Amino acid sequence: MLLKYKAVVIGGSAGSFSVVSKILSQINHDFPLPIILCLHRLKHVRSGLLESINLKSKLEVLEPHDKDKIIPGKVYLAPSNYHLFIEYDGSISLSTEEPLNHSRPSIDHTLSSSAYFFRDKLIGILLTGANKDGAKGMKDIADKRGFTIVQDPATCDVDTMPKMALRLMSPSKIMSPDEIVLYLNQLVN
Amino acid sequence: MALNYSIREIRELSEVLTQETQMPFNQMSQSFLKRRLYLFGEKKGVKKNEQLLAGLKDEAFKDDLINNIVVPVTELFRDPGLWRKIREYFLSLSDQSVIKVWIPQIASGEELYTLLIVAQETGVLDKIEVTAGYCASVTKELVEQGVIFSKKMDTNLYNYKRYEGKQSLEGYMEDDEGVLKLKSSFWSKINFKKGCVTISKPDEKVDLVLFRNVMLYYKKDYHSVLKEAIDSSLKPGGWLCIGVREQFPTPYSDRFECIDQKEKVFLKFNALTQ
């Protein structure tokens, strides 16, 4: 199957769990791209989030190890207290470097490194959240001509994060969670 | 604009840095090195490659550069479950007259301080001998001062609670003119050795190697070299701890058995060939 894109990267913070659950529970079970997920989470709580998302998801969700290869159709959740980068060879690179935007994992780090590797073959999605993390990463994706979707602030639990992104860049689309699911599923259809 | 290298430039520069510093920069992950150099440039006002290269002639600059490349440990008692496991291990070794520990690459004090507190609480502090490898003299000086960053205290306290510590964590600290430090009574039998992992090896084999979240920053191909250095320094029956999201080079089943998958603890076999 020839696809225009090679990966999807999603960032989210406060309120994003329900949106991510909706996306992953309604996405086609044969969705062919890898999904890289960076959600703000408690750094001292290692378990729980993965299990909760996996309960809802139609795709297998993994917390990767450092240097893992990315496999299409899998969902990679940034582990607690580690940044998740995409390395220059396309593998996953984890790091305990300093928090960025008070966050580890930082959405900016995941989005920007994904943009650097996948360039215009990337779909970047920024969801609801309470700080500015992710805005610069979305701009980096847009600068590399990737496709960018910002969750419609009107549908967000906390709209700071999408609004900060909208101040910095013009996304390809502003969408509600339902529209994001439809968009991803039509990529295959 | 701070230092912002292309991949090709990073590759070339990493060779120069390796020659100039004897640190394996050329074995570091390239994206990691690019990020760290960018941050160093931003912090120190180094904007051009020529500035960086000229600085390498100055020992203090070189030391500062290395200190800024290595990544500090994030907090005390990171991964409390692992420290509970080490507590059990120390208790099992309490009949030994000496318990030797190697921390191959120390970048800040948290791992060492946590180790000393665990040793104190298991009654083996007087038996502990630590070899700590460091890459930059500035790093060593900071670690020796016992400084604990107060902004991390909330996380430190939370971790200590989950570790199920015996006392209050603050009881192990003292105020030194407004700076929070580990009490000096803990400071014994720590042998600092300068050099990267393969150079900082202890003189004698050890019971425990704490090598957490260091392999993250090196290329996968280099992990086997690191494994070899650890293997040759660890006693049969000794423990190796790596970061919870790191992978030990395979096959490890020839020399090591993973005895705790969640906390990434490996036991070195009691092989007859040892």
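This is a predicted model: local features need pLDDT of at least 70, side-chain atom pairs count only at pLDDT 80 or more; totals for chains, interfaces and linings use all residues.
Let me begin with a pair of helices in chain A, where helix H3, residues 107–118, and helix H4, residues 135–143, pack at an angle of about 10 degrees, with their axes 7 Å apart. With the limit for a roughly parallel pair set at under 35 degrees, that angle makes H3(A) roughly parallel to H4(A).

Now to chain B, whose secondary structure comes to nine helices and nine strands. Its radius of gyration is 19 Å, close to the 19 Å that the globule rule gives for 274 residues, so chain B is as compact as a globular protein of that length. The C-alpha trace of chain B spans about 55 × 55 × 30 Å along its principal axes.

Chain B also has an open sheet of seven strands, in the order S5-S2-S1-S6-S7-S9-S8, and here the pairing is mixed. Strand S5, residues 190–194, and strand S8, residues 256–260, of chain B stand at the edges, and since each has a single partner strand, one side of each is left without a neighbour in the sheet. On average, and ignoring direction, neighbouring strands of this sheet are turned by 20 degrees against each other.

Within that sheet, strand S7 of chain B, residues 234–242, pairs with strand S9 of chain B, residues 265–268, in the antiparallel sense over three bridges, and B:Trp239 has B:Leu267 in S9(B) as its bridge partner. Helix H5 of chain B, residues 80–92, packs on the sheet and touches S1, S6, S7, S8 and S9 of chain B, its direction making about 165 degrees with that of S7(B). Helix H6 of chain B, residues 110–121, also packs on the sheet, touching S1, S2 and S6 of chain B, and its direction makes about 165 degrees with that of S1(B).

As for domains, chain B is divided into domain 1, residues 7–69, and domain 2, residues 80–268, with their C-alpha centres 27 Å apart. Ten residues of domain 1 of chain B are in contact with ten residues of domain 2 of chain B. Helix H4 of chain B, residues 59–69, gives the most to the domain 1 side, with four residues, and the residues of that side divide into five nonpolar, three polar and two charged.

Finally, how many residues of chain A are in contact with chain B? There are 16, and they meet 16 residues of chain B. Strand S6 of chain A, residues 92–95, provides the largest share of the chain A side, three residues, and by class that side has five nonpolar, seven polar and four charged residues.

Conventions:
Residues are numbered from 1 along each chain as its sequence is written. Chains are lettered from A and ligands numbered from 1 in the order in which they are written. Two strands pair if DSSP finds at least two bridges between them. Helices (H or I, at least four residues) and strands (E, at least two) are DSSP runs, numbered from the N terminus. Axes are lines fitted to C-alpha atoms, for helices over the stretch in contact, and angles run from 0 to 180 degrees between N-to-C directions. Two residues are in contact if their C-beta atoms, placed from the backbone, lie within 7 Å. Angles under 35 degrees count as roughly parallel, over 145 as roughly antiparallel, 65 to 115 as roughly perpendicular and the rest as oblique. Domain bounds come from an automatic or database domain assignment. Ala, Val, Leu, Ile, Met, Phe, Trp, Tyr, Cys and Pro count as nonpolar, Asp, Glu, Lys and Arg as charged, and the others, Gly among them, as polar. The radius of gyration is taken over C-alpha atoms; the globule rule is 2.2 Å times the number of residues to the power 0.38.
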